[in-house]
Amino acid sequence: MEAFAKYPLYMLVGIAVAAGHAVIAYTATGYIFPYLTNALKWSPVDANMAVGAASIAHLPFYILNAYMADRVGRRRIYMAGLVMGLAVFYPIYYALAGIRSVALASLLIFVLILTTAFTFSVLGTTLAELFPTRVRYTGMSLAFNIGIGLFGGFTPSIVQTLGVVFNNPLAGVLLYTYAVVAVALVVALKWLPETAQRQLA
């Protein structure tokens, strides 16, 4: 109650920040499997090989981006991930429709998942630093779980359902993923404070 009552703006900012990451992450790692296997008719083995290789290859970038965030700021790293997602998600999903090479598909999926290395590497720190000590854990926990659970958790189902409704497997990427990520980017641009190098209260 205190977190919502005294810090409503930061609660909403935190939810939007978490939602932006979650929708990018679930579109990149959750929806990619049904897209490859159902829409593009890939075998589950080939789909797992492509996504698995891409997932392993991008792991070092979490450390690199976290390191960079301590130097150039969490806000910049987070927003870079959102901008990258808006730039590459639709073109890569579209390009995958014409590819049968597991290696090439893995490279493209690597770029998809790489966006999450920007957003997730700073998510916990960014949310924690929004709130003062008295409500820090409550505030960040609520923002994280609402953003991740409500917006992210339903992403694969929503994107896939919109694809069926519009008879286009990429409709949901445009109508849901892009919409949520665009809102998160605007919120971050206007209301997310830069907390790197700042003394916590």
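**Helix packing and ring pairs**

Me: Which residues in helix 7 meet helix 8?
Reply: This is a predicted model. In it, Leu123, Gly124, Leu127 and Ala128 of helix 7 touch helix 8 through Arg136, Met140, Ala143, Phe144 and Ile148.

Me: Switching to rings. How many aromatic pairs are there?
Reply: The structure has 6. One of them is Tyr31 with Tyr93: the ring centres are 5.7 Å apart and the planes sit at 35 degrees, so this pair is tilted. Tyr31 is in the loop between helix 2 and helix 3, while Tyr93 is in helix 6, 62 residues apart.

Me: Is Tyr31 buried or exposed?
Reply: Buried, at 3% relative accessible area. Tyr93 is buried too, at 0%. Ring pairs also join Tyr31, Tyr35 and Tyr93 into a cluster.

Me: What about Tyr62 and Phe120?
Reply: Their planes are at 90 degrees with centres 6.2 Å apart, so that pair is edge-to-face. Tyr62 is in helix 5 and Phe120 in helix 7, so the pair ties together parts 58 residues apart in sequence. Tyr62 is partly exposed at 22% relative accessibility, and Phe120 is partly exposed at 41%.

Me: Which ring does the charged end of Arg71 sit over?
Reply: The ring of Tyr67, 3.9 Å from its centre. Lys190 lies over the face of Trp191, 5.3 Å from the ring centre.

Methods
Residues are numbered from 1 along each chain as its sequence is written. This is a predicted model: local features need pLDDT of at least 70, side-chain atom pairs count only at pLDDT 80 or more; totals for chains, interfaces and linings use all residues. Side-chain values use heavy atoms; hydrogens and water are left out. Contact means heavy atoms within 4.5 Å. Helices (H or I, at least four residues) and strands (E, at least two) are DSSP runs, numbered from the N terminus. Rings of Phe, Tyr and Trp (its six-membered ring) pair if their centres lie within 6.5 Å; planes under 30 degrees apart count as stacked, over 60 as edge-to-face and the rest as tilted. Buried means under 20% relative accessible area, exposed over 50%, partly exposed in between (1.4 Å probe, protein chains only). A charge sits over a ring if NZ of Lys or CZ of Arg is within 6 Å of the ring centre and within 35 degrees of the ring normal.
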